There are 2 protein chains.
Amino acid sequence: MSKFLSKKYQGLQAYVPGEQPKERKYVKLNTNESPFQPSKKAQELAKEQLQKCMLYSDPDCKELCSLLAKKLGVGTENVIVGNGSDEILNFAFMAYCGGETPAVFPDITYGFYKVFADLHGAKKTELPLREDFTVNLEDYKQAKGTVFLANPNAPTGLALSVAEVEELLAADSGRIVVIDEAYVDFGWESCVPLIQKYGNLLVSQTFSKSRSLAGARLGVGIASREIIEDLNRIKYSTNPYNVNRMTAAAGVGSLLDTEYFEACRNKIIANREWTAEQLKALGFTMTESQGNFLFVRHEKIGGQELYLKLKEKGILVRHFAQERICEYNRITVGSPKEMETLVKALKEIVCER
Amino acid sequence: MSKFLSKKYQGLQAYVPGEQPKERKYVKLNTNESPFQPSKKAQELAKEQLQKCMLYSDPDCKELCSLLAKKLGVGTENVIVGNGSDEILNFAFMAYCGGETPAVFPDITYGFYKVFADLHGAKKTELPLREDFTVNLEDYKQAKGTVFLANPNAPTGLALSVAEVEELLAADSGRIVVIDEAYVDFGWESCVPLIQKYGNLLVSQTFSKSRSLAGARLGVGIASREIIEDLNRIKYSTNPYNVNRMTAAAGVGSLLDTEYFEACRNKIIANREWTAEQLKALGFTMTESQGNFLFVRHEKIGGQELYLKLKEKGILVRHFAQERICEYNRITVGSPKEMETLVKALKEIVCER
């Protein structure tokens, strides 16, 4: 840290991304990436942009936003795209938290919410999940502030129904509810249709998981025209050309290739269910994950221990030190082959006990 | 605007990028883009990343930063990359302005400095350039706050020497000076070597102009280890994967292809000088621009009028409404053919008078 850094950031604890070790080739099941390549159509359209990169990208990303709006059944004025959904979330924390408005989110959720709140000097109201990691809706109905709910939640994979989210939106129309749908495509239902009825809803989605574009960085915000105007005001005061040419084109290609998208996500869902059965047979318990990951524990093996034993065997999973979940590990659903390798390794670890 | 938007952003005036009209094909000389395609090597390396985009990019961009450090003659710990240099500048405004520290910059300069200052609630000290648009160094030596100087400046193209910047750095080691070198490659000298001696210097550079990668979005910050740590703390609290895979690879490719880089910038410099001569012969006056643009006026034709007449003829240049420069236009140096078209159009406009 330099002596010049603004006081407000001197105590800031930055986000720690999942490890990306280079010293050894791992089966990487720690950052919820897709095991499948981006759609050929996405690759092809992105490639066409390479020779045009001397020209700025379209700051409005009109083609991408029109297509997104059509797919989502909303207007173009209801859509904004960003450099990953982290950027959309960052804009939302800027626009709607701070001053008298705290950020409200579960004690166990995407670790970045806490960082964003701290970054923008917003108070945090962290509401504990129930013992079984489900959200107690009543807590959120009563809490004052802007609500951030990952739905399905990470790392638990548990989700609220659209009806429950609607109940929350209706309970207090005077505050924003942000529903972070990073994992919604793996079998859950989206809250996007609710934006037509609720002016206090912002939904964020990402191309990183179900669309295999984590490395291209593309996120989406969907909300009322007014909320999108707010977010655009911040975007145009931060980085108007926030989405580059290749990524915008890859997004278009991915949206055009519905068949591949469906095939990939169906494979991941099927593979998740297969892996869950195998792990249950080995004595693991887990949440009913709706994401592209499983959140598992074993009563005979500590969470940290399991993480380390898997790492020894060349498999990376995500372990969180946080007290309530430190006996768990979050395991990304990879390819069938990767899951077989995982199951084999877990079998060995369990049998050693 | 929604009723939810935080009070602090309700009066915010966002940045307005140069127009990108779609209704007609223009000779586009309004956003200082390069007329040359990105290096083949850049395109090739970016293309290789397309099929790997299901995996997150390296948040540290190690390969790119190492190569940059080597090229710049600094350590890897002295370098950070961002989603365009706008992102680096945004981080710098966050880290070093606000509270008791105003942002100090010229009245005529890159229009985004004002927006960044407003976005982060920093006071602004806008110091008037001299009548001839040069920077009066004494003003800056005495001013309190974090200094932002585009060098060469935009839209004037005028620049301070490294010796003058050093004088400024030495005058007050207790505050940060940010030197924005977006246009430095078109014939000016870089202040990067000064970071070894001055812990209060941050230099920003971009791949958008001289490296033909505006549409890929890649910017660089170069400073002491401590300043880079500050900026990384903000980056890791905002968007750790801020640079996508294709763009990081394109950056590497561009740096490896020195020959193409030199050839392109030399052509632009030569073309700038040729165009300047042609325009002078037509009665235009101009600053001694060191950028990839000319900043010109004609005593018989108003700035706004010239802009409109060129637009009618299918040529887009940049006109600023700001009082002190409203008789000028900023004209990007494009390809020889584009410059011939420009000169021909200007000749017609001048002859009509």
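In chain B, strand β5, helix α6 (residues 162-171) and strand β6 form a right-handed β-α-β unit. The model is predicted.

**Strand β5 of chain B**

- Strand β5(B) spans residues 146-150, and five of its five residues are buried, so the rest of the structure largely encloses it.
- In a regular strand, side chains alternate between the two faces of the sheet.
- On one side of β5(B) lie Thr146(B), Phe148(B) and Ala150(B), and on the other lie Val147(B) and Leu149(B); both faces are covered.
- Strand β3(B), residues 103-106, pairs with β5(B) in the parallel sense over two bridges. Here Val147(B) of β5(B) has Val104(B) opposite it.
- Strand β6(B), residues 177-180, also runs parallel to β5(B), and four bridges join them. In this pairing, Val178(B) of β6(B) stands opposite Phe148(B).

**Gly199 of chain B**

- Gly199(B) sits in the loop between β6 and β7 (201-206) of chain B.
- Is Gly199(B) exposed, partly exposed or buried? It counts as partly exposed because it has 17 C-beta neighbours inside 10 Å, whereas a buried residue needs 20 or more.
- Leaving aside residues up to four places away in sequence, Gly199(B) touches Ser224(B) and Glu226(B).
- Ile176(B) is 23 residues from Gly199(B) along the chain, and their C-alpha atoms are separated by 8.3 Å.

**Helix α8 of chain A**

- Helix α8(A) covers residues 245-256, which makes 12 residues. From first C-alpha to last it reaches 17 Å, close to the 16 Å expected at 1.5 Å a residue.
- The helix is mostly covered, with 11 of its 12 residues buried. Among them are Arg245(A), Met246(A), Val252(A) and Leu255(A).
- What do the buried residues of α8(A) pack against? Within chain A, they pack against α1 (40-50), α2 (62-72) and α9 (258-281). From chain B, α1 (40-50) and α8 (245-256) also take part.

**Contact between chains A and B**

- In total, 69 residues of chain A are in contact with 69 residues of chain B.
- On the side of chain A that touches chain B, at least two residues each come from α1, α3 (85-96), α4 (112-119), α7 (225-235) and α8.
- The largest share of that side, six residues, is supplied by α7(A).
- By type, the residues of the side of chain A that touches chain B are 32 nonpolar, 24 polar and 13 charged.

Notes: Residues are numbered from 1 along each chain as its sequence is written. Chains are lettered from A and ligands numbered from 1 in the order in which they are written. This is a predicted model: local features need pLDDT of at least 70, side-chain atom pairs count only at pLDDT 80 or more; totals for chains, interfaces and linings use all residues. The expected span of a helix is 1.5 Å times one less than its number of residues. Two residues are in contact if their C-beta atoms, placed from the backbone, lie within 7 Å. Two strands pair if DSSP finds at least two bridges between them. A crossover is right-handed if, with the strands pointing away from the viewer, the path from the first strand over the helix to the second runs clockwise. Ala, Val, Leu, Ile, Met, Phe, Trp, Tyr, Cys and Pro count as nonpolar, Asp, Glu, Lys and Arg as charged, and the others, Gly among them, as polar.
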